[in-house]
Amino acid sequence: MMKGKRVVITGLGTVNPLGNNVSEFWQGLMDARCGIGLITRYDVSDSEVKIAGEVRDFDPSSVIDRKTARRMDLFSQYAVYASAEAIKDASFEEKFWDGDRAGLVLGVGTLGWTSAEEGYGKIFSGGESRVPVFTIPKIIPNLGAGNAAMALQLHGPCFSLSTACASGADAIGNAARLIESGYCDVMLAGGTEAGISRLCMGGFAAIQALTMTHNDSPEISSRPFDRDRDGFVMGEGAGMLVLEDYEHAVRRGARIYCEVAGYGSTCDAYHMTAPEPDGKYSVKAMSRALENAGMGTEDIQYINAHGTSTVLNDRMETRAIKNMFGEQAYRLKVSSIKSMLGHCIGAAGAIEAISSALTLYHQWIPPTINYENPDPECDLDYVPGRGISAEVSGVMSNSFGFGGHNSVLVFRRI
């Protein structure tokens, strides 16, 4: 796959269950802290699932005025807030872009759940005339990107994409290609999700995707690769990254976290919710990402795993890593930060990309917590319990979504 301009990461912004900025998030990973707890967003007394990774104490007022915030669903607020944080972190001058050569790509796994529920409730209680006037602008997924672009005055390409749990990673990969091609100099890219609502949680519970056995012990509920895992835990939040043409970043003296070296994408075309068991198209996505990066398997020391804490995903991903890396798989470090965050769906790949960039920048690998009882089919080094300092020059980040979407990013130390 032909490469054009080099793409680097110069800014990071996030809000997630471990913190409302990047430093809080990274400290949470270093402390091996679990951000999962009892749901406070609605009454769960009659719910099968009572736990989630909620964003706590979120106040968007430093970025969004109250009137504007009331016209946004929470997923949009998260996206705007994280985007503004990323731009601030990148230390741009007030006008950092050249006309329409800066844009935004946002991954959104679902939609504005809270606003949808409110609209349905008004119809059932009082008819169509009672539906709130901003229901549609709050629900539709593209408004996360649109609202962020309006807030930051980005006039280049601006779009949302939805590939379920791979959405955030696909947004980053597609944004990087716009810079590689020379079409843009700067892109905001990432993902957002706010699915902790009765309807969304009930829907995932109905297909038995969520764990229902740890309502009384949320801190140990997300257990990627552990023998006793039985479903994922819903998370929420946003992760946004500033991607920049390397030469553009050097000219302005930017701090560079790492390079977005490669991106690969495939589809299982197998099942609505289950991965192809052997992970052969996940392997192909890994292979394409490395090819795109001009790197080999020997250049990767750490894999930021999709690691959902579901039986099917964790076994498939382990098989795929073994098939891709051979004997080297047992020398790799592999971990899942979903053990601390839960699964942030459309935001997951982007938050994990931030973690990957920080791993390269700080030379520290986050852990998989709650990995206590090894599954014989999941026998790699999952960095159990606590993170470790390590020499890392190449990181692979995997994201796999319902519908068979496989998206892999490769990051390289600068």
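**Pocket, helix pair and sheet**

About 460 Å³ of space lies in the largest pocket of this predicted model. The model is predicted, so local features need pLDDT of at least 70 and side-chain atom pairs pLDDT 80 or more, while totals for chains, interfaces and linings use all residues. Residues are numbered from 1 along each chain, and side-chain values use heavy atoms, without hydrogens or water.

Me: Why is H1 called roughly perpendicular to H13?
Reply: Helix H1 (residues 22-30) and helix H13 (residues 348-362) pack at about 75°, their axes 11 Å apart. Roughly perpendicular covers 65 to 115 degrees, so H1 and H13 get that label. On the H1 side, Val22, Phe25, Trp26 and Leu29 make the contact (heavy atoms within 4.5 Å).

Me: How do you know that E1 and E7 pair?
Reply: Pairing takes at least two DSSP bridges; strand E1 (residues 7-15) and strand E7 (residues 237-245) have 8, in the antiparallel sense. So E1 and E7 count as paired.

Me: What makes E5 and E10 stand at the edges?
Reply: Strand E5 (158-161) and strand E10 (333-335) each have a single partner strand, so one side of each lacks a neighbour in the sheet.

Definitions and conventions. 1 Å grid on protein atoms, 1.4 Å probe; cavity = no way out; pocket = protein on both sides within 12 Å on 5 of 7 lines; lining within 4 Å. Points joined across faces, edges and corners; volume = space filled by probe spheres on them. Axes fitted to C-alpha atoms, helices over the stretch in contact; angles between N-to-C directions. Helix = DSSP H or I, 4+ residues; strand = E, 2+ residues; numbered from the N terminus. Parallel < 35°, antiparallel > 145°, perpendicular 65-115°, else oblique.
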